[in-house]
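Open the model in your viewer and keep the sequence beside it. This tour tells you what to select at each stop.

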Amino acid sequence: METPKRAYGNAGEEQAARYLDGEGYTLLKRNWRVGHLELDIVADWFGELVFVEVKTRQNEDFAPAYTAVDIEKQHHMVQAAHAYMAYHRLDQPYRFDIITLIGTPPTWTLHHYPNAFTEQSVQVALKRKKWRFDNAFAKD
């Protein structure tokens, strides 16, 4: 049985897919999974693969919805993208987008963040995070 929270998220993903389709993207896959990794939407934009994370929120009183795509989630998306391309034997340009939907259907406020992060920015952030952790326990 689908929970109300899951139904809300599914409605947001459906709206995001309709938005991308309307903008000229070719939708390739939705909710693609491998192991514990998932890609909400995989699309094509004139030969460029676009891996999209969709976040739905009733409001942004606490924080902007895109901040839920933290460095760990970004890292998982990068890993999932590599798995997707390997599985489908693809070698082409790719990017990572975020779509947020705020409010309630059908009156969502949709924001699309193309190139929200890069694989290189994720690698740098993870190295910095490890460096901070390692140095927090360094003895003088």
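**Before you start**

This is a predicted model, so local features need pLDDT of at least 70, side-chain atom pairs count only at pLDDT 80 or more, and totals for chains, interfaces and linings use all residues. Residues are numbered from 1 along each chain as its sequence is written, and side-chain values use heavy atoms, with hydrogens and water left out.

**Stop 1: the whole chain**

Show the protein chain as a cartoon. You will find 3 helices and 5 strands. Helices (H or I, at least four residues) and strands (E, at least two) are DSSP runs, numbered from the N terminus. Follow the chain from the N terminus and the order reads α-β-β-β-α-β-β-α. The C-alpha atoms fill a box of roughly 60 × 40 × 30 Å along the principal axes.

The accessible surface is about 8,800 Å², by the Shrake-Rupley method with a 1.4 Å probe. Carbon and sulfur atoms hold 54% of that surface. How many of the 140 residues count as buried? The share is 34%. Buried means under 20% relative accessible area, exposed over 50%, and partly exposed in between (1.4 Å probe, protein chains only).

**Stop 2**

Select residues 48-57, which make up strand E3. Is E3 largely enclosed or open? It is largely enclosed by the rest of the structure, because 8 of its 10 residues are buried.

Two strands pair if DSSP finds at least two bridges between them. Look for Trp45, which stands opposite Glu48 in E3. E2 and E3 form a hairpin with 2 residues between them. Phe46 sits in that turn and has a positive phi of about 50°.

Pick Val54 and find its bridge partner in E4, Ile99.

**Stop 3: Leu101**

Stay in strand E4 and select Leu101. Leu101 is buried, at a relative accessible area of 0%. What is Leu101 in contact with, leaving aside its neighbours within four places in sequence? Its contacts (heavy atoms within 4.5 Å) include Tyr8, Ala16, Val54, Thr56 and Trp108. Then put a distance line from Leu101 to Leu28: they are 73 residues apart in sequence and 21 Å apart in space, C-alpha to C-alpha.

**Stop 4: charged pairs**

Colour by charge. There are 17 positive and 19 negative side chains. Lys and Arg count as positive and Asp and Glu as negative; His and the chain ends are not counted. Side chains of opposite charge can pair when their charged atoms come close. A salt bridge is a side-chain nitrogen of Lys or Arg within 4 Å of a carboxyl oxygen of Asp or Glu. The count comes to 8 salt bridges.

Select Arg30 and Glu14. Their closest N and O atoms are 2.8 Å apart, in a salt bridge. The pair links distant parts of the chain: Arg30 is in strand E1 (residues 26-34) and Glu14 in helix H1 (residues 4-22). Arg30 is partly exposed at 35%, and Glu14 is partly exposed at 30%.

Move to Asp97 and Arg95. This salt bridge has its closest N and O atoms 2.8 Å apart, and both residues are buried. Finish by selecting Glu14, Arg18 and Arg30 together: salt bridges that share partners join them into one network.

Key
Charge placed at Lys NZ, Arg CZ, Asp CG, Glu CD.
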